[in-house]
Amino acid sequence: MKQEEEKKAIAEKQKQEAEKKKQEEEKRRQVEAEKKAKEEERKEQERIEQQKKVEAAKKKEEEEKKAIAEKQKKEAEKKQQEEEKRRQVEAAKKAKEDERKEQERIAQQQKAEAAKKKEEEQQRKAEEARKAQEMKKAEEERKQKEKEERMKQQEEEAARKKESERQRKLEEEQKKQKIEAERKQKQEQEALQRKQEEERKRKEE
């Protein structure tokens, strides 16, 4: 019975110790949780502060960028206006120079046209003189050719007459030779006939 009570007492003591240990553990966890919560809250506050700083720095940077961009925009506009003014001055200067060059070109063209007209007139006169000279030369050549043709015709006529006379004499000579040849042939034939007749008579005797 005593042992039972001791066991019971030990069990009760162990139970109380376990309960106490549990309570201590619970209290420790609560302390840890509170500590963690405070730490998380502190970190959140730091994060919020840091975010505020970042946002402030970002806002400041954006404002600075905006100010720089505005300044650059104004400088670009000013530069553009200056460039436009410079282009207008250059354009006016170029237009004036172009007009001067155009006037020079027109004057030069008129001068060139006048020189060309003069040259063409000189060429026309030279061409007319050349044609007149050629016509004169052609006329002289025509007359010379006619003269040569006449002389040639006269020479040919004289040659024809000479040839005709030569042919006539040749024909007369040939005719005479023919008559002479016929006469000789006749004489020879008659002599031959006589000879043959004489031989025939001798044979008959």
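## The Glu 83–Arg 87 pair

In this predicted model, the side chains of Glu 83 and Arg 87 are joined by a salt bridge, with 3.7 Å from N to O, a separation that falls within the 4 Å cut-off applied to such contacts. Both residues belong to helix α1, which covers residues 2-204, and because they are four residues apart there, about one helical turn separates Glu 83 from Arg 87.

Side chains of opposite charge can pair when their charged atoms come close.

## Two further pairs in helix α1

Arg 124 and Glu 128 form a salt bridge in which the closest N and O atoms are 2.5 Å apart. These two residues also lie in helix α1, with a spacing of four residues, or about one turn of the helix. Arg 124 counts as partly exposed at 37% relative accessibility, and Glu 128 counts as partly exposed at 44%.

What is the spacing in helix α1 between Glu 165 and Arg 168? The two are three residues apart, so that about one helical turn lies between Glu 165 and Arg 168. Their side chains meet in a salt bridge, for which the N to O value is 2.3 Å. With relative accessible areas of 32% for Glu 165 and 36% for Arg 168, each residue of this pair is partly exposed.

## A network and the overall count

Salt bridges also occur in a linked arrangement, since a network of them connects Glu 25, Glu 26, Arg 28 and Arg 29. How many salt bridges does the structure hold? The count is 25, and the pairs described above, including Glu 83 with Arg 87 and Arg 124 with Glu 128, are among them.

## A patch of negative charge

On the surface, Glu 148, Glu 149, Glu 155 and Glu 156 gather in a patch of negative charge.

Methods. Residues numbered from 1 in each chain as written. Predicted model: local features only at pLDDT ≥ 70, side-chain atom pairs only at ≥ 80, totals over all residues. Heavy atoms only, no water. Buried < 20%, exposed > 50% of the residue type's maximum accessible area, 1.4 Å probe, protein only. Patch = residues over 30% accessible without salt bridge, like charges linked within 9 Å, V, L, I, M, F, W, Y side chains within 5 Å. Areas by Shrake-Rupley, 256 points an atom, 1.4 Å probe, with all protein chains shown as cover. Lys, Arg positive; Asp, Glu negative; His and termini not counted. Charge placed at Lys NZ, Arg CZ, Asp CG, Glu CD.
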